[in-house]
Amino acid sequence: MIKHPLVIADRMIALSLLPPPALGQPPAPFGFGALVVEQIRRGEARFELHAHGFGAKYPPDALRERLQPLFTPDTLALILNPNCELRPIVGLDRNPEAGRLVEHVPKSGHRTHIRASVPYHLLTNAAAMANVRHPSRNPSPLARIRQLGAEAQAAWICYLFSRRASTERGRLLASFEAWRCLQKARRSVMA
């Protein structure tokens, strides 16, 4: 079970990152998916989904520069580490790959970042609950960029369900579903 503070932050960003290659590695595409969840009143929330990919020749700092405007001093970041299959944890993660993810996330006020390692089957179940398409287990970097937004949404759903049952969780899920329906309707009008 994921352990985290009992209170859901008033402003949270669920992040799924494909980090830029480390020094000495060949150029590769990278990007992020960010679901911004801002509670208006207890149990009601406003949602924004941001997803952006960068080509292999972009400077690594482009990721942080694009993420920075999404953060305010009271933002709590939930950072998904989808590579951990064996031990779901949140908080201090000594895995070097998890450390690479955090270095690209802007600092925000006094809030700490929560690093969530979620097994693939739980992420898949959460994606189904969110009615978003979850990616394959081992996608190519370009395919992974296309799925970062869905991963961020599934990570937030996992976070909600790691809490004990509450009416607040039910209201937040209802707000999320209403937002998803509005997004779907907007896409169908534009098509």
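The pLDDT is the predictor's confidence in each residue, on a scale from 0 to 100, and it is used here to describe a model that is predicted. Across the chain the mean pLDDT is 80, and 77% of the residues reach 70 or more. Confidence is highest in strand 3 (residues 44–54), with a mean of 93, and lowest in strand 5 (residues 89–90), with a mean of 42. Over residues 85–96 the pLDDT stays under 50, although the model has 25 contacts for this stretch beyond four places in sequence. Residues 1–5 likewise stay under 50, and for them the model has 12 contacts beyond four places in sequence. Where pLDDT is low, the predicted coordinates should not be read in detail.

The packing of two helices was then examined. Helix 3 and helix 4 pack with their axes 8 Å apart and at an angle of about 100°, which makes helix 3 roughly perpendicular to helix 4. On the side of helix 3 the contact is formed by Leu-122, Leu-123, Ala-126, Ala-127, Met-129 and Ala-130, which meet Glu-151, Ala-154, Ala-155, Ile-157, Cys-158 and Phe-161 of helix 4. Of the residues in this contact, 11 are nonpolar and 1 is charged, while none is polar.

The loop between helix 3 (120–130) and helix 4 (141–161) contains Asn-131. The phi of Asn-131 is near 60°, a positive value in a residue other than glycine. Most residues other than glycine have a negative phi. Asn-131 has a relative accessible area of 53% and is therefore exposed, since the cut-off for that class is over 50%.

Technical notes: Residues numbered from 1 in each chain as written. Predicted model: local features only at pLDDT ≥ 70, side-chain atom pairs only at ≥ 80, totals over all residues. Heavy atoms only, no water. Helix = DSSP H or I, 4+ residues; strand = E, 2+ residues; numbered from the N terminus. Buried < 20%, exposed > 50% of the residue type's maximum accessible area, 1.4 Å probe, protein only. Axes fitted to C-alpha atoms, helices over the stretch in contact; angles between N-to-C directions. Parallel < 35°, antiparallel > 145°, perpendicular 65-115°, else oblique. Contact = heavy atoms within 4.5 Å. Nonpolar A, V, L, I, M, F, W, Y, C, P; charged D, E, K, R; others polar.
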